[in-house]
Amino acid sequence: MESTLTARDRVGVQDFVLLENYTSEAAFIENLRRRFGENLIYTYIGSVLVSVNPNKNLEIYSKAHMERYRGVSFYEISPHIYAVSDNTYRAMRTERRDHCILISGESGAGKTEASKKILQYYATTCPVTDNMSTLRDRLLQSNPVLEAFGNAKTLRNDNSSRFGKYMDVQFDFRGAPIGGHILNYLLEKSRVVHQNHGERNFHIFYQLLEGGEQDLLSKLGLERNAQKYQYLVKGCCPRVSSINDKNDWKTVRKALTVIGFHEDEDLLNIIASVLHLGNTQFGEGENGENQITTEPQLKYVSKVGTMNEQYPPPPNTHTTHTHALPRRVNRELQFCINYCNEKLQQLFIELTLKSEQEEYEAEGITWELVKYFDNKIICDLVEEKHKGLISILDEECLRPGEPSDISFLEKLEDTLGGHAHFVTHKLANGKTRKVVSREEFKLIHYAGEVNYSVNGFLDKNNDLLYRNLKEVICQSDSQVLSQCFHREEVTDQKRPETAATQFKNSLAKLIEILRSKEPSYVRCIKPNDAKQSGRFDEALVRHQVKYLGLMENLRVRRAGFAYRRHYETFLQRYKSLCPGTWPNWQGRLADGVATLVQHLGYHPEEYKLGKTKIFIRFPKTLFSTEDALEARRPALGETILQAGEVIQSAWRGMKSRQRARCRRHAVDIIRKFIKGFIYRRYERCPENEYFLDHQRFSFLMTLVRNPPKSVLDKSWPIPPPSLTEVSAHLCRLCMQNMMRAYCRRIQPEWKKQMEQKVVASQIFKDQKDSYPQSVPKLFVASRLNSEEFNLKVIQTLGNDKVKYGIAVTKYDRRGYKARPRQLLLTSSFAMLVAEAKLKQRIDYASLRSISVSSLSDGFMVLHVPSEDNMQKSDVVLQCDHVIEVVTKLATMADKKIKVNMSQERIKFAVARGKEGVIDFTSGPELKVANGKKGHLLVTAPKLNP
Ligand SMILES: Nc1ncnc2c1ncn2[C@@H]1O[C@H](COP(=O)(O)OP(=O)(O)OP(=O)(O)O)[C@@H](O)[C@H]1O
Ligand SMILES: [Mg+2]
């Protein structure tokens, strides 16, 4: 704020405490007027915000504006509703205490708008997580619904709230809004049945008729014409240019969904039935009883619940009901509103004084007594037990006999006669008697005098809504309607509390809530009665300034000192005015401020130094300091400019020196490198030292950054000569490590597979053409499953178990006739089986060797000694998995079997010293045929080059 103090002549002062003539109401209003003329609608009285309704949209509520006020100290920036919002929020978070913002002012002064601005500020600036955004939307969307049902067009405000509102927003420890609730006070119910000329009923009725879809209206039995409804035509202005009911309807429907209200249909039925009730006519029956003469309306009203049968005729006729009620309500309502304002004013004065006094105490400054008007006397007049106005009213309502409004007035005169703030026609002297009629009493409120007519006071205070009506409503099967009254109210035989006592109690609760929180205040003022922008009606504003107690507030605030700031802020701003504190003060802040004000020549009576703040008594002291700062600015600017140049050149010099150093270093390195390269083959010497180290380093770093990734990865960087040995060592270690890790990881199944593959590799690698193709194909446990074994054969085995079986073709040694057989392997022998017959058994111990060809065929010859009569001679077999079969045989016979790999021919023994021969040759495809000289000729394709 200080930054704009110099512009004070143009737009007044931003804080009334800086007004020189602070006791002058005229000066106060002139300041408001000047600022209003510049669209500066906000001004402070210390921490209280005064807001003047601009009646036009100002460009001061954007997101950018919110950001500007976020986290910024209250007085550093021009007054704004966002500053109050932010300050309250931050104080709540740092002090961890509840806060409240109290917004007050006349109808149309901008209270509702201010509350919406505050909510929007929190919705935009507070931290919100995803799941909380629903809550934020609910908080914001509660407004359109509240306004639809609680606001109406009045002469003073097209969107006048016809109820008082207390809204609670709860924040969690991170400062995120996590909940809220709303309390309503004093809803003006009478508006439903009557509106003054130029006013409307609550918005929702017009919204439904204008915006509701045709289907919906038909269902509710409504017509799209407000003129048709008695309850909507009293004020003669169902349409208003500033209100778009159709659009507002859409907003309200959407808002109902957002806030999670699901009984829409129920609600619309109730709204419609109110309109129908308004059109219901009553007549006299044959026996003089009251009778409803408009059947169709009743049909729709009954839709709301189970009310058609029991609905009792009202005790009064329709006309008296609508006319008598509002006049009575308004009297008493006005009394309640004024009483409420009186209480809030009392709280306001008490808390402002208290906070002022607390600040003095905290700062160790002697408190100076402030004279102010304490309106406790008026509050007592209204609410005191036994002697107060409300007590007397209740007493009169309850007493036996024939109490009346007039007997109430007389009782008031008896009890309160002589009270300075209470006057009646009888009590008044000749001069004032004229302005108080015989049926009135006058209260002298702190904000002005108000006459109240006693007519209807007793009736209204009794607030007797007939018990059977409440009962019927409670029984309705409409969810919403049945919850309108507490069931206890219907069953409880106790007399309900009177309206005034109910209000007194709820007000006491509200004051208690407010008292438990740290208050901030927004005081709204409306500049004219015509809702016009740019018009400032001085008389109207003066009235509001008076009854809002703003002059009182200013006097309290200014009683001691006009201006106070933390030492740090003060010193930071004015330190350039004193050589002792410029450019920086090194000691305690309080000493710095003392040095500064001494240099400035402050007189002792002009200021006081507290514990953390300086208090300045008169605005003129501060203004002269501001002027001195203003005068010093050019010189200061010059000095700062010069300092800037010096800093700039020093900075540039340092930067270039830094760059030169870097370049020199780089050149050195390159030079060393080149020299080292030239000397790289020499023994280690100073010339190649750097190069060799670098080589070693980069070799090791390459290994660190890019080591082999798996056991199969054989890549390894080429080491420099000095590291050949180390490199080999490292390579081995690395490989071992990987292998160990690999082995640790493998499963037993896979291990067995690998072992067999190793045996296969020892036998066939680089020997047999089909070997490379066999490597990726996994060996299986058996090619035949147990069902394929012949049971008889298995039974002959006894304890031996078949471990592997495969279908093979056996060739006769003479004539080479091919015969299908099963080759079964146990742990000690192999056998050839033809169906149920065991054809040949070959013990591994007597199996001399196995011959296979080097080509891709599947032939193998098992060599068995022929001199043994028990054994038949060699066996010629062919199968699809010759490598697997030979590997299994070799594994089971404990690898002792010799496997011969023949290039072109295999010889085998036929009985009694005779030999058979198989010739192998390459060809386009696998072929087995009888060849020359009784040989078997096998042709096999070449699989690998
Ligand atoms: N800050 C503002 N900027 C622009 N227009 C405003 C502002 N404050 C109020 N208004 C205008 O004044 C009208 C009345 O304001 P608002 O409804 O807030 O008054 P109120 O104090 O809540 O009155 P009531 O007591 O009748 O509810 C608004 O509808 C809006 O047109
Ligand atoms: Mg309002």
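In this predicted model, three strands form an open sheet in which the order is β14-β16-β15 and the pairing is antiparallel. The strands β14 (563–566) and β15 (607–609) stand at the edges with a single partner strand each, so one side of each is left without a neighbour in the sheet. From one strand to the next, the twist averages 15°. A second open sheet has four strands, in the order β1-β2-β13-β3, and helix α4 covers residues 81–95.

- Strand β14 is joined by four bridges to strand β16, which spans residues 613–616, and the two run antiparallel.
- Within this pair of strands, Arg565 stands opposite Ile614, a residue of β16.
- Helix α24, made of residues 567–574, packs on the sheet and touches both β14 and β16, while its direction makes about 95° with that of β14.
- As background to such pairings, the strands of a sheet pair through backbone hydrogen bonds, and they may do so either parallel or antiparallel.

**The sheet of β1, β2, β13 and β3**

- The four strands of this open sheet follow the order β1-β2-β13-β3, and their pairing is mixed.
- Strands β1 and β3 are the edge strands, each of which pairs on one side only.
- Neighbouring strands in this sheet are turned against each other by 25° on average, if direction is ignored.
- Four bridges join β1 to β2, and these two strands run antiparallel; Ile45 has Val48, in β2, as its bridge partner.
- Helix α23, which consists of residues 550–558, packs on this sheet, where it touches β1, β2 and β13, and its direction makes about 50° with that of β1.

**Helix α4 and its surroundings**

- Helix α4 has 15 residues and reaches 21 Å from its first C-alpha to its last, which is close to the 21 Å expected at 1.5 Å a residue.
- The buried residues of α4 are Ile81, Tyr82, Ala83, Val84, Ser85, Asp86, Asn87, Thr88 and Tyr89.
- The cover over these buried residues includes the strands β1 (42–45), β2 (48–52), β3 (99–105) and β13 (518–525), together with the helices α3 (63–69) and α5 (111–125).
- Just after α4 comes Arg96, which takes a positive phi of about 55°.

Methods. Residues numbered from 1 in each chain as written. Chains lettered and ligands numbered in written order. Predicted model: local features only at pLDDT ≥ 70, side-chain atom pairs only at ≥ 80, totals over all residues. Expected span 1.5 Å × (residues − 1). Buried ≥ 20, exposed ≤ 12 C-beta atoms within 10 Å, placed from the backbone. Contact = placed C-beta atoms within 7 Å. Pairing = 2+ DSSP bridges. Axes fitted to C-alpha atoms, helices over the stretch in contact; angles between N-to-C directions.
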